[in-house]
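Let's walk through this structure together, one region after another. Keep the coordinates open as you read.

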Amino acid sequence: MSEKAYDLYDLEDKYQRSLDDCKKFLVSKGRVVKGTKISKSRIDYMVSIKATCPLCGAIFNGKNSNTEHILPLGLGGKNVANNKIQLCVACNSAKNNLIQSYLGQPPYWKYYDDKWSTIKKFILWSEFVSDEGIRFSDCVPSMHQRFLDARFGGIEDNINVRGYGRLSSWKVGDEPNINFDQRKTKKVLRDPKDKTKSGFFSMIESGIGILGDKIFSDKKKKIRPKTRVQNTQVKEIINLPIKEKELETLEEVIIKLVGKDEITLQKLGNKISKYENKRSGGKGTREFFATYGHKGTMKNILEKELGDKIDISGDHPNLQIKINSLESLEQVIIKLVGKEEITLQKLGIKISKYEHKRSGKTGTKTFFTTYGHKGTMKNILEKEMGDKVDISGEHPNLKIKIKL
Ligand SMILES: [Zn+2]
């Protein structure tokens with residue numbers, strides 16, 4: 001089981017396949033496959049060891065559970081063990097209510113165009129809780145809260161979960177693999193000076209998690225928390241309006257294609273052609289600009305559309321373009337980390353905010369893509385900044401410090 005701290009960037013990476021499957025299904029108005037339940041032997045086994053629903057802790061009795069498809073069949077999910085999980089009837093129907101409260105009645109492809117952002121969040125949430133359990137599902141707060149509303153009237157109970165994740169992750173005879181108590185007592189290295197919370201929970205809180213330490217300390221005293229402590233900073237970021245379009249704006253494309261270096265307009269033209277070919281199968285900058293309703297010379301279009309965000313210099317035919325507003329990756333990281341040692345999770349949040357200011361989009365993924373990087377933050381930073389940074393600690397409590 002994973003101990004990784006997740007942000008939406010990580011989740012999108014981790015569950016890319018489900019997102020792709022769903023997208024394909026919706027675009028092609030695919031046919032919903034028939035679902036089947038899990039085997040009786042598994043159900044009997046779960047009953048015999050008093051396994052619980054992995055989301056709410058209800059003890060299975062053989063009749064009170066359903067097989068749920070993690071990526072719903074109506075969103076292109078497949079009827080395979082990796083996409084199945086056994087939930088209690090109430091959680092199963094709360095999940096169905098959740099998706100329908102956003103999407104209405106199936107077929108869901110009707111909603112693809114304007115609801116993709118919501119569908120995506122639902123999928124990430126559904127996949128994540130199936131692997132990690134409900135306690136750790138706050139990385140998609142809107143979904144999490146709505147599920148809690150549907151299932152528990154808003155506040156999660158003080159639940160004790162001893163359940164199983166996706167069907168492919170266990171077999172008869174295995175111990176439950178979603179076990180909240182086990183996680184709660186997980187031993188973590190912590191700074192002895194930090195008496196406020198364990199490293200693990202501070203990671204959750206600072207990364208995505210939102211469950212503040214108050215809940216956990218209350219829980220120890222067996223007091224049921226009355227209010228959920230939200231990490232407002234994190235919430236703010238995750239709730240930023242996400243503009244999800246199939247079509248990137250002209251500005252986004254140009255900034256991405258030019259990158260951080262100064263390049264010739266000729267080279268940019270080649271890149272645009274490639275981009276257009278990927279997008280529409282067409283080629284040529286003319287087609288690209290026409291998509292955005294532009295005609296004329298590239299220089300004029302770019303100056304008109306991007307204004308002082310770019311600098312075009314030189315003489316025809318050796319015109320050069322540079323993006324003005326783009327700081328180098330190194331400059332940004334140095335600025336965001338500052339003088340202190342901070343966790344990579346915290347840096348991720350800062351990057352997300354920074355990116356939103358810059359491009360209107362969220363996510364560390366967008367940020368790093370701008371500089372042509374993919375992969376884990378640690379690898380990118382080590383590669384780009386070499387010995388200018390110090391990355392220490394163990395995953396998921398990695399910390400970064402700028403070397404002076
Ligand atoms: Zn349940």
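Ile-310 has Ile-323 as its bridge partner in β7. Before going further, please note that the model is predicted: local features need pLDDT of at least 70, side-chain atom pairs count only at pLDDT 80 or more, and totals for chains, interfaces and linings use all residues. Residues are numbered from 1 along each chain as its sequence is written.

The protein holds 18 helices and ten strands; here helices (H or I, at least four residues) and strands (E, at least two) are DSSP runs, numbered from the N terminus. Of its 404 residues, 35% count as buried, where buried means that 20 or more other C-beta atoms lie within 10 Å of a residue's own, exposed means 12 or fewer, and partly exposed is in between, with C-beta atoms placed from the backbone. Among contacts between residues at least 6 apart in sequence, 57% join residues at least 24 apart; a contact requires C-beta atoms, placed from the backbone, within 7 Å.

Back to the strand we began with. β7 belongs to an open sheet of three strands in the order β5-β7-β6, with antiparallel pairing. Strands count as paired if DSSP finds at least two bridges between them. β5 (263-264) and β6 (310-313) stand at the edges with a single partner strand each, so one side of each has no neighbour in the sheet. β6 and β7 (residues 320-323) are joined antiparallel over four bridges, and Ile-312 has Ile-321 as its bridge partner in β7. On the β5 side, two bridges make the antiparallel link to β7, where Gln-320 is the bridge partner of Thr-264.

Next comes a helix pair. Helix α15 (residues 329-337) packs with helix α16 (residues 344-359) at an angle of about 120 degrees, their axes 10 Å apart. Axes are lines fitted to C-alpha atoms, for helices over the stretch in contact, and angles run from 0 to 180 degrees between N-to-C directions. The angle makes α15 oblique to α16, since angles under 35 degrees count as roughly parallel, over 145 as roughly antiparallel, 65 to 115 as roughly perpendicular and the rest as oblique. The contact is made by Val-332, Leu-336 and Val-337 of α15 and by Leu-347, Lys-350, Ile-351 and Tyr-354 of α16.

A second open sheet of three strands has the order β8-β10-β9, again with antiparallel pairing. β8 (342-343) and β9 (389-392) are its edge strands, each pairing on one side only. Four bridges connect β9 to β10 (residues 399-402) in the antiparallel sense, with Val-389 opposite Ile-402 of β10. Helix α18 (residues 377-385) packs on this sheet and touches β9 and β10; its direction makes about 155 degrees with that of β9.

Finally, look at Met-385, which lies in α18. Met-385 is partly exposed, with 19 other C-beta atoms within 10 Å. Leaving aside residues up to four places away in sequence, Met-385 touches Glu-330 and Ile-333. The C-alpha atoms of Met-385 and Ile-334 are separated by 9.6 Å, although these residues are 51 apart along the chain.

How values were computed
Two residues are in contact if their C-beta atoms, placed from the backbone, lie within 7 Å.
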